[in-house]
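Me: I'd like to go through the pockets of this protein with you. Could you take a look at the structure below?

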Amino acid sequence: MVRKVTKAIFPVAGMGTRFLPATKSVPKEIMTLVDRPLVQYAIDEARAAGITEFIFVTSRGKSALEDYFDHNLVLEQDLKSKGKDELLEILNATNMESGAIAYIRQHKALGLGHAVWCARRLIGDEPFAVMLPDDVIASDKPCLQQMVEAYEETGGNMVAAMEVPNEKTSSYGILDTGQNVGTVVRAKGMVEKPKPENAPSNLAVIGRYILGPSVLYNLNQKRKGSGGEIQLTDAIAEDIGNGVPVFGYKFDGQRFDCGSKAGFLQATVSFALARDDLRDDLNQYLHDIVASDRAAQ
């Protein structure tokens with residue numbers, strides 16, 4: 001019987017240099033996508049998948065991220081006294097109960113694998129999820145929930161996967177695919193950031209994982225891979241070599257790379273257009289911009 005996944009690791013120790021100067025004092029993970037921080041989208045997705053323990057791997061300068069999940073009693077009381085129940089409900093959804101959230105420091109930036117390894121003592125011998133808040137996925141059913149449901153049938157390790165243009169393979173971990181059963185692909189191997197001519201496929205791993213404790217054992221060897229860093233992809237690939245099944249899950253939804261400025265802007269427009277309270281005004285604005293550009297040409 002497959003053990004239930006109740007713990008998730010959120011590696012958020014990165015400095016967010018692509019968003020300077022904003023990230024000089026504001027952690028990238030609490031930059032707002034429409035009116036919610038990036039990390040809130042990840043938390044909501046994790047909750048929908050049955051996650052009850054949230055482990056953040058942080059670094060120096062992330063105190064604002066930690067404060068975000070605290071109760072703001074003054075603000076709550078103010079909203080309550082003014083009868084702003086809808087806003088109070090939105091605010092309460094951001095709170096985390098005592099003991100549900102933990103913070104681990106990654107003192108050196110040694111790679112995603114190292115960040116996950118930092119949380120090993122809080123994982124123990126249980127399966128766990130890894131979620132990268134930079135990857136925001138718009139879908140009717142949250143991506144991690146889709147994966148958990150599939151994982152309950154397959155066991156092993158599972159990674160979210162999507163096809164990318166061949167010339168983009170050097171930006172991702174790439175699956176060497178085997179048996180294909182619908183949305184679930186059996187992996188024969190994984191390669192971190194291969195050059196297009198060396199890529200075994202164009203099926204890329206994106207920021208959602210369900211992993212077993214054997215991956216933490218592999219990470220404990222602290223072997224360096226691409227870029228001289230400890231790569232999570234390498235630790236998962238080692239499991240394949242040891243006979244542990246690894247599956248790519250081709251999720252239903254649209255992924256936005258909010259670690260890039262272009263991806264962040266695309267997500268902002270897409271999520272705003274999905275909102276009843278914003279759609280009409282934004283559509284009109286975009287229409288006016290297009291009309292103005294055509295007139296100028």
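**Pockets and their linings**

Reply: This is a predicted model, and in the second largest pocket the lining residues divide into 11 nonpolar, 2 polar and 7 charged.

Me: How much space lies in that second largest pocket?

Reply: The second largest pocket holds about 410 Å³ of space, and among the 20 residues that line it, Arg36, Tyr41, Ile137, Ala138 and Phe271 are the closest to its centre.

Me: Which helix gives the most to that lining?

Reply: Helix 1 gives the most to the lining of the second largest pocket, with 5 residues, and at least two residues each are supplied by helix 1 (38-48), strand 7 (135-138) and helix 10 (261-273).

Me: And which domains does the lining of the second largest pocket draw on?

Reply: Domain 1 (7-257) and domain 2 (260-296) each provide at least three residues of the lining of the second largest pocket.

Me: OK, switching to the largest pocket: how much space is there, and which residues lie nearest its centre?

Reply: About 1,300 Å³ of space lies in the largest pocket, which is lined by 45 residues, with Arg18, Leu112, Leu132, Asp134 and Lys193 lying nearest its centre.

Me: Where does the largest share of that lining come from?

Reply: Strand 11 provides the largest share of the lining of the largest pocket, 4 residues, while the elements that each supply at least two residues include helix 5 (112-117), strand 8 (157-163) and helix 9 (232-241).

Me: How do the residues of that lining divide by type?

Reply: In the lining of the largest pocket there are 18 nonpolar, 14 polar and 13 charged residues.

How values were computed
Residues numbered from 1 in each chain as written. Predicted model: local features only at pLDDT ≥ 70, side-chain atom pairs only at ≥ 80, totals over all residues. Heavy atoms only, no water. 1 Å grid on protein atoms, 1.4 Å probe; cavity = no way out; pocket = protein on both sides within 12 Å on 5 of 7 lines; lining within 4 Å. Points joined across faces, edges and corners; volume = space filled by probe spheres on them. Nonpolar A, V, L, I, M, F, W, Y, C, P; charged D, E, K, R; others polar. Domains from an automatic or database assignment.
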